[in-house]
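Thank you for letting me take a few minutes of the meeting.

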Amino acid sequence: MRLLLIEDDELLSQFIAAGLHQAGYESDCAYTADEALALVHTQSYDLIITDLGLPDQDGLTLLKKIRNHDKNIPVLILTARQGVDDKVKGLDLGADDYLPKPFEMPELTARVRALLRRPAQALDAVITVGNLALDTNAHTASVINAPMKLTRREIDLLEQLMRNSGKVVSKELIESRLYSYGEQGSSNSIEVLVHRLRKKLDDAGADVQIATLRGLGYVLAERSEE
């Protein structure tokens with residue numbers, strides 16, 4: 001899962017990002033509203049965590065702009081503002097949850113999990129396609145209950161493909177989910193990753209396969225009958 005963290009305090013931002021990483025989430029960090037909006041318009045995120053006290057724009061104004069762009073992405077407000085009016089206004093503008101500072105990291109990660117479990121996000125903990133199963137909490141995959149030995153990036157790629165089983169997932173979307181903003185793989189890194197995962201699925205006896213649609217992307221589909 002990839003999150004966008006909008007927090008102008010760099011040390012606090014790094015602390016939160018480290019805690020989220022330990023909980024299994026990768027985060028892109030933005031320190032201003034303008035930087036956050038640029039990321040929202042160019043990257044794909046599963047959830048946004050935002051402060052309200054940003055240096056270039058009020059966080060509530062930013063929230064309204066985010067909602068104008070995407071009405072469905074979960075947004076968690078994380079701020080030192082304690083006033084009821086701020087909370088009500090934030091929720092009315094489209095925030096899904098509100099956590100005041102100071103906070104404990106376990107509570108933040110619990111709220112993140114709760115938001116990502118919402119039915120609209122279709123984020124079940126265990127995904128099954130054919131005889132292939134993926135436990136997104138344990139980061140493990142198995143075929144007919146036999147565990148597969150996969151790297152973390154192979155697990156992340158498999159999750160994207162399984163959540164979109166039967167649908168084309170573009171190379172650009174895969175890259176945006178696997179690599180942090182500013183991080184870049186080699187020109188053929190996705191192709192190499194897909195090749196490795198495809199071979200491991202074949203070796204494990206999975207009844208699904210990764211098909212390449214040139215110029216479009218990849219799709220996880222049932223194997224055709226011989």
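Predicted model: local features only at pLDDT ≥ 70, side-chain atom pairs only at ≥ 80, totals over all residues.

Strands E1 and E3 run parallel and are joined by four bridges, where strands, at least two residues of E, and helices, at least four residues of H or I, are DSSP runs numbered from the N terminus. Two strands are said to pair if DSSP finds at least two bridges between them. Within this pair, Ile6 has Thr50 in E3 as its bridge partner, and Thr50 in turn stands opposite Ile77 in E4, where E3 and E4 are paired in the parallel sense over three bridges.

Residues are numbered from 1 along each chain as its sequence is written, and side-chain values use heavy atoms, with hydrogens and water left out. The pLDDT, which is the predictor's confidence in each residue on a scale from 0 to 100, averages 86 for the protein, and 90% of the residues score at least 70. Over residues 119-123, however, pLDDT stays under 50.

Now to the sheet as a whole. It is an open sheet of five strands in the order E2-E1-E3-E4-E5, with parallel pairing, and its edge strands, each pairing on one side only, are E2 (26-30) and E5. On average, neighbouring strands of this sheet are turned by 20° against each other, direction ignored; such angles run from 0 to 180 degrees between N-to-C directions, with axes fitted as lines to C-alpha atoms, for helices over the stretch in contact. Towards the E5 side, E4 (residues 75-79) and E5 run parallel and are joined by four bridges, and Leu78 stands opposite Leu99 in E5. Helix H2 (residues 33-42) packs on the sheet and touches E1, E2 and E3 (47-50), its direction making about 135° with that of E2, and contact here means heavy atoms within 4.5 Å. Helix H3 also packs on the sheet, touching E1, E3 and E4, and its direction makes about 170° with that of E4.

Which way do the residues of E3 point? Leu47 and Ile49 point one way and Ile48 and Thr50 the other, and all are buried, that is, under 20% relative accessible area, with exposed meaning over 50% and partly exposed in between, for a 1.4 Å probe and protein chains only. In a regular strand, side chains alternate between the two faces of the sheet.

Let us return to H3, residues 59-69, where the buried residues are Gly59, Leu60, Leu62, Leu63, Ile66 and Arg67. They lie on the same side of H3 because they cover an arc of only 155° around the axis, the arc being that of the directions from the helix axis to the C-beta atoms. At the start of H3, a side-chain oxygen of Asp58 comes to within 2.9 Å of the backbone nitrogen of Leu60.

Finally, there is a second open sheet, of four strands in the order E6-E7-E8-E9, with antiparallel pairing, whose edge strands are E6 (126-129) and E9 (146-147), each pairing on one side only. E7 (residues 132-135) and E8 (residues 140-143) pair in the antiparallel sense over four bridges, and Ala133 has Ser142 in E8 as its bridge partner. Helix H6 (residues 152-163) lies across E6, E7 and E8, running at about 115° to E7.

Note on methods
Polar contact = N/O pair within 3.5 Å; in protein donor to acceptor, adjacent residues only side chain to side chain.
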